[in-house]
Amino acid sequence: MPPSPALVWQNLPAASLHQDAVLSAAWDRLNAQRGDLPFLNTEAITASLDSFGTGRERLLVGRQEHTITAMCLLVRTSATAWQSFQPSQLPLGAWVADDRLPVLELARSLIRGPLGLCLLLSMTQIDPLHAARPANTADSESSDYIRTAWTELPGSFAEYWNQRGKNLRQNMRKQRNRLAGEGISGHLRVLDQAADMAAAIERYGALESAGWKGGQGTAVHPDNAQGRFYRRLLENAAMRGEAVVFEYLFDDRVVATNLCLRRDDVLVILKTTYDESIQSYSPAFLLSQDEIELLYQEGRIQRIEYYGRMMEWHGRWTEKSRILYHLTLYRWPLLQRLAEWRRRRRSGTGASAG
């Protein structure tokens, strides 16, 4: 098989992505080829740049024989180092590429081409489902980021629920019986219209701000960058039928919320929160059970992606997980050996005996 044509790169301001319709269409075309992820389309990336960017981000456009086959948003982290644009609100790094282009080949082309004197390039938070994890080489290494979970929805809900742990099933039944005994109506509410998103984000923010994230100052709020980002993201997605907010209520009181995007047969849970003041119930679990049962009834969604760090509670709902990874590329193999030596020295494993 002949080698693929070399990538020829163009280095542009990040704003070019939404200012140039040709580039926007190319980004969405490449995203569709590799995962078709709703949080990596042009609108979502533009919203994240506007909310979390510094203005220093660059759009690298790679062409093979005049066809755009790779696009990456990068930011310089030092005089000689670059990394993917990676706000914490994006589950994966901001790049798209033809699905036949290996990520290591893409990174090597970048580090030796349009970035000037770049000695280190970090491609962050890569999903092996959409970009196979390469083996370490003389000039590259991959490292674990987090283990993340997903749930598949084959068969019927009854079959799925019978496969859950006995303790979970009994606990959910007891909680629902207790709610009924106390005269509390526990029920699911589903919102998928653009006009509903602003109020949903406000209610989400109120719940999250009342919990530990509020104490740390990291909670979503309608008036902070996170709140504005999620409102814009969900409103835009709702216009395409791709946004959905699941709320669980005790009577008229919202006690748990999932902010989600859906595309084709995949649902991505972007954010989840619950009322931490409720001690005798598990509102997030009640929400998850009703949400999954509804998805079975509708028959559209076949897989739920969580994309956050896998916690103990994820294991109650699924046995499936995979590791997201970072890819680090060095301009020369010597730099990788130097970096490894420094790591060993810091950890004490590189000290000589005697």
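## Glutamate 141 and its partner

Glutamate 141 counts as buried, at 13% relative accessibility. Here, buried is under 20% relative accessible area, exposed is over 50%, and partly exposed is what lies in between, using a 1.4 Å probe and protein chains only. The side chain of glutamate 141 meets that of arginine 343 in a salt bridge, with 3.1 Å from N to O. The two come from distant parts of the chain: arginine 343 is in helix H12 and glutamate 141 in strand E7 (residues 140-152), 202 residues apart. Arginine 343 is partly exposed, with a relative accessible area of 30%.

A quick word on what you're looking at: this is a predicted model, where local features need pLDDT of at least 70, side-chain atom pairs count only at pLDDT 80 or more, and totals for chains, interfaces and linings use all residues. Residues are numbered from 1 along each chain as its sequence is written, and side-chain values use heavy atoms, with hydrogens and water left out.

## Helix H12

Helices and strands are DSSP runs numbered from the N terminus; a helix (H or I) has at least four residues and a strand (E) at least two. H12 covers residues 333-347, so 15 residues, and spans 21 Å from its first C-alpha to its last, close to the 21 Å expected at 1.5 Å a residue. That expected span is 1.5 Å times one less than the number of residues. After H12 comes glycine 348, with a positive phi near 90°.

## More salt bridges

A salt bridge here puts a side-chain nitrogen of Lys or Arg within 4 Å of a carboxyl oxygen of Asp or Glu. By that rule, the count is 24 salt bridges. One of them joins arginine 263 and aspartate 36, at 2.9 Å from N to O. This pair also links distant parts of the chain: arginine 263 is in strand E10 (residues 253-263), while aspartate 36 is in the loop between helix H2 (21-33) and helix H3 (42-52), 227 residues apart. Arginine 263 counts as buried at 13% relative accessibility, and aspartate 36 is partly exposed at 21%. Both belong to a salt-bridge network that links Asp36, Glu43, Arg240, Glu242 and Arg263.

Another salt bridge stays inside one helix. Glutamate 235 and arginine 231 meet at 2.9 Å, N to O. They are four residues apart in helix H9 (residues 225-239), which means about one helical turn separates them. An α-helix has 3.6 residues a turn, so residues three or four places apart point the same way. Arginine 231 is partly exposed, with a relative accessible area of 40%.

## Strand E10 and its neighbours

How buried is E10? Of its 11 residues, 10 are buried, so the strand is largely enclosed by the rest of the structure. Two strands pair if DSSP finds at least two bridges between them. E10 runs antiparallel to strand E9 (residues 243-250), joined by eight bridges, and valine 244 stands opposite cysteine 260 in E10. E9 and E10 make a hairpin with two residues between them, and aspartate 251 in the turn has a positive phi of about 55°.

E10 also pairs in the antiparallel sense with strand E11 (residues 266-274), over eight bridges. Threonine 257 has threonine 273 in E11 as its bridge partner. E10 and E11 form a hairpin too, with two residues between them and aspartate 264 in the turn at a positive phi of about 55°.

Back in E9 sits glutamate 247, which counts as buried at 0% relative accessibility. Its side chain makes a polar contact with the side chain of arginine 203, at 2.9 Å. A polar contact is a pair of N or O atoms within 3.5 Å; within protein, one must be able to donate a hydrogen and the other to accept it, and residues adjacent in sequence count only if both atoms are side-chain atoms.

## Aromatic rings

Rings of Phe, Tyr and Trp (its six-membered ring) pair if their centres lie within 6.5 Å; planes under 30 degrees apart are stacked, over 60 edge-to-face, and the rest tilted. The count comes to 12 aromatic pairs. In one of these, tyrosine 306 and tryptophan 313 have ring centres 6.2 Å apart and planes at 90°, so the pair is edge-to-face. Tyrosine 306 is buried at 11%, whereas tryptophan 313 is partly exposed at 28%. Elsewhere, Phe157, Tyr160, Trp161, Phe285, Tyr296 and Trp317 form one aromatic cluster.
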